Amino acid sequence: MHSPGETIVLEGMIGPRTGLVIPATVVEDAPDILTCFVPDGVTLLRLLPSSEAPLPRVMSPRQIEASTLHLSPQVWRGKNVLYMVPRDARYAIHARWSSDWAFHGWYVNLQDRMIVQPDRWITEDQFLDIIVRPDRTWAWKDEDELSEATRIGRLSAQEAARIRATGESIVPRIECADWPFSPDIAHWRPNPEWEYPRIPPGWEPSRR
């Protein structure tokens, strides 16, 4: 179990390789939900090609293995994000604010089940997402990427259908303001005593 205020690393896989590394602060590690916070300004690592090659997100598994890709540092700018991941769920719900804490709504990230390890929480993005505005009107995001992932063999047609069905199952919760899609979450703030999260020295990705 991780304690509130502890730094954890969110590791997002892209096929066989580590694609995204984000330091975060643990808010809650409970039997039913994992929650962490990523503040504005953290330095993350993102897998990028060394040339004008396609981004790994839209590469086939064979291309990902064969390509020259590097985890490059980037600064997370303009947003504070509270990540909420129900245990064993294939999605995460992000509550989002600007850098000055204006509430921007929610983001439903469809992803693989979270694997919890002592120094990292690991998952893999599943392309399709839902954007939820503060008034809880919503829209699909990246339907084209879901189709492309199916075309190039990252997903089977059955997997793509299951991902969409998972998203559809969340829509009633959005529309009836079921937690965390409730107005009160806009008032959430991190503990001011928490340390600013950074990728720990010596931390290594699962797969470069």
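Which residues does His94 touch, not counting residues up to four places away in sequence? Before I answer, let me say that this is a predicted model, in which local features need pLDDT of at least 70, side-chain atom pairs count only at pLDDT 80 or more, and totals for chains, interfaces and linings use all residues. Residues are numbered from 1 along each chain as its sequence is written, and side-chain values use heavy atoms, with hydrogens and water left out.

Now to His94, which touches Val81, Leu82, Tyr83, Met84, Gly105, Trp106, Tyr107 and Asn109, where contact means heavy atoms within 4.5 Å. His94 is found in strand E7, residues 91–97; strands (E, at least two residues) and helices (H or I, at least four) are DSSP runs, numbered from the N terminus. With a relative accessible area of 9%, His94 is buried, a word that means under 20%, while exposed means over 50% and partly exposed lies in between, using a 1.4 Å probe and protein chains only.

Let me turn to the nonpolar cores, each being a set of buried Ala, Val, Leu, Ile, Met, Phe, Trp, Tyr and Cys residues joined through side-chain atoms within 4.5 Å. The largest of them has 31 residues, of which Leu82, Ala95, Trp106, Val108 and Phe181 touch the most other members. Two or more residues of this core come from each of strand E3 (33–38), strand E6 (80–86), E7, strand E8 (103–111), E10, helix H2 (143–151) and H3, and H3 gives the most, with 5 residues. Apart from this core lies another, of 17 residues, with Ile22, Cys36, Met114 and Trp121 among them. As for Phe181, leaving aside its neighbours within four places in sequence, its contacts are Ile93, Trp106, Val108, Val132, Arg136, Ile170, Arg173 and Ile174.

Next comes the second largest pocket, and here I need the terms. On a 1 Å grid over the protein atoms alone, a pocket is an open set of points where a 1.4 Å probe fits, with protein on both sides within 12 Å along at least five of seven lines, and lining residues have an atom within 4 Å of a point. About 180 Å³ of space lies in this pocket, the volume being the space filled by probe spheres set on the points, which are joined across faces, edges and corners. Its lining is formed by Gly15, Arg90, Asp112, Glu124, Asp125, Gln126, Phe127, Arg154, Leu155, Glu159 and Arg162. One of the lining residues, Phe127, lies in strand E10 and counts as buried at 3% relative accessibility.

I will close with some backbone features. Most residues other than glycine have a negative phi, and most peptide bonds are trans. Asp88, in the loop between E6 and E7, has a positive phi near 65°, and this residue is exposed, with a relative accessible area of 63%. Ala177, in the segment after H3, also has a positive phi, of about 60°, and counts as partly exposed at 23% relative accessibility. Finally, the peptide bond from Trp179 to Pro180 is cis, with omega near 5°, and Pro180 lies in the segment after H3.
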